[in-house]
Amino acid sequence: MAINRRYRSFFWPLLLIVIGVLALLIDLNVISADRAYRLADLWPLILIVIGLELIARRTLQGSNVDIATALILLIAAGGAIAYVSVGPAIPGGTQTFDTSGPTGGLDSATLHVDVGAGTVTVDANGSLGADLYRAHVEYSGPKPKVTFDTSTGDLRFSQQGGFEIFGNRRFTLTLQINSAATWSFDVNSGAATDTFRLSGVRVGTINVNTGASREDITLGPPKGMVPITINGGALTVNVHRPPGTEVSAQVSGGAVSLSGDGQQDRGIGSRSWQTDGYDTAADAYTIQVNGGACTVNVDTHAPSS
């Protein structure tokens with residue numbers, strides 16, 4: 001038991017001191033804020049230090065344990081400072097870049113977005129010519145990765161994860177997509193504000209997985225039965241469709257509010273609503289929302305641009 005008490009009273013205070021020294025060096029501009037983002041790469045070092053400290057306590061005795069622990073932390077801190085100081089900086093301010101890709105004869109495409117938190121705006125555009133998409137990205141921290149498979153039409157935007165200690169990470173995607181293709185959407189995020197203006201494009205599927213988000217989706221006429229699935233913790237979902245479009249909405253969660261064409265239904269658990277002609281429709285949208293707290297509105301009132 002004495003060993004456990006010493007572990008709690010000595011190791012963690014030293015670790016906090018090391019973290020404080022690093023933060024102080026950044027505040028004093030000894031280490032630039034841009035380079036501080038490299039610390040996110042070193043999170044496995046914490047596990048290594050803890051493991052070495054445990055080994056020292058099992059193999060050494062007396063004051064040698066404390067000396068070994070202090071040396072382990074000092075070596076780890078020195079290595080971290082050297083890594084951050086010598087290696088290339090990761091920009092900490094807001095950066096931007098633009099990217100685009102050709103249609104290449106593709107008649108369908110899929111957008112994948114995998115980020116911790118972000119703002120995504122997608123607009124269907126019939127004037128992109130030979131471009132399948134045009135994107136403008138604003139970000140802080142590590143540069144997002146963009147991949148585009150010209151054979152399948154898979155377009156992916158992703159941003160490296162990590163511990164965001166020295167600033168708020170920013171990811172804003174403004175994307176124009178060619179309305180000549182059929183598009184599917186797969187968005188995975190921790191928290192998001194997403195706007196999809198898709199009235200001029202054929203939609204294959206929409207799938208969103210998030211912790212907390214606000215989704216605003218404007219749709220055109222469906223082709224076939226089009227599934228829209230949104231899973232998260234706290235969700236606000238607005239879906240706008242053309243008049244006369246058949247649709248069903250199923251909402252499950254803790255506190256649920258569902259509005260379908262002005263018909264309000266609130267409660268705990270599950271709520272559902274559908275248009276009169278949905279059961280016999282060949283073309284319709286099927287909306288499924290699952291979350292802890294869900295506010296869902298389905299209407300025919302497209303918002304102004």
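**Exercise 1.** Find which strands hold R197 and D123, and how their side chains meet.

*Solution.* Step 1: the side chains of R197 and D123 meet in a salt bridge, N to O at 3.0 Å. A salt bridge is a side-chain nitrogen of Lys or Arg within 4 Å of a carboxyl oxygen of Asp or Glu. Step 2: R197 lies in strand β7 (residues 182-198) and D123 in strand β2, so the pair ties together parts that are 74 residues apart in sequence. Strands (E, at least two residues) and helices (H or I, at least four) are DSSP runs, numbered from the N terminus. Step 3: R197 is partly exposed, at 34% relative accessible area. Buried means under 20%, exposed over 50%, and partly exposed in between (1.4 Å probe, protein chains only).

The model is predicted: local features need pLDDT of at least 70, side-chain atom pairs count only at pLDDT 80 or more, and totals for chains, interfaces and linings use all residues. Residues are numbered from 1 along each chain as its sequence is written, and side-chain values use heavy atoms, with hydrogens and water left out.

**Exercise 2.** State how many salt bridges the whole structure has, and describe the one between D261 and R241.

*Solution.* Step 1: a search of the whole structure finds 5 salt bridges. Step 2: in one of them, the side chains of D261 and R241 meet at 2.9 Å, N to O. Step 3: D261 is in the loop between β11 (246-260) and β12 (263-274), and R241 is in the loop between β10 (234-240) and β11, so parts 20 residues apart in sequence are tied together. Step 4: D261 is partly exposed at 37%, whereas R241 is buried at 6%.

**Exercise 3.** Decide whether L111 is buried or exposed, and list its contacts.

*Solution.* Step 1: L111 lies in strand β2 (residues 108-125). Step 2: L111 has 0% relative accessibility, so it counts as buried. Step 3: not counting residues up to four places away in sequence, L111 touches V122, L155, F157, L175, W183, S184, F185 and D186. Contact means heavy atoms within 4.5 Å. Step 4: L111 and L175 are 64 residues apart along the chain, and their C-alpha atoms are separated by 10.0 Å.

**Exercise 4.** Describe the nonpolar surface patch that includes L74.

*Solution.* Step 1: I67, L71, L74 and I75 form the patch, with about 430 Å² of accessible area together. Patches are made of residues with over 30% relative accessible area and no salt bridge; like charges are joined within 9 Å, nonpolar side chains (Val, Leu, Ile, Met, Phe, Trp, Tyr) within 5 Å. Accessible areas come from the Shrake-Rupley method with a 1.4 Å probe; for residues, only the protein chains shown count as cover. Step 2: L74 is in helix α4 (residues 63-86). Step 3: L74 is exposed, at 57% relative accessible area.
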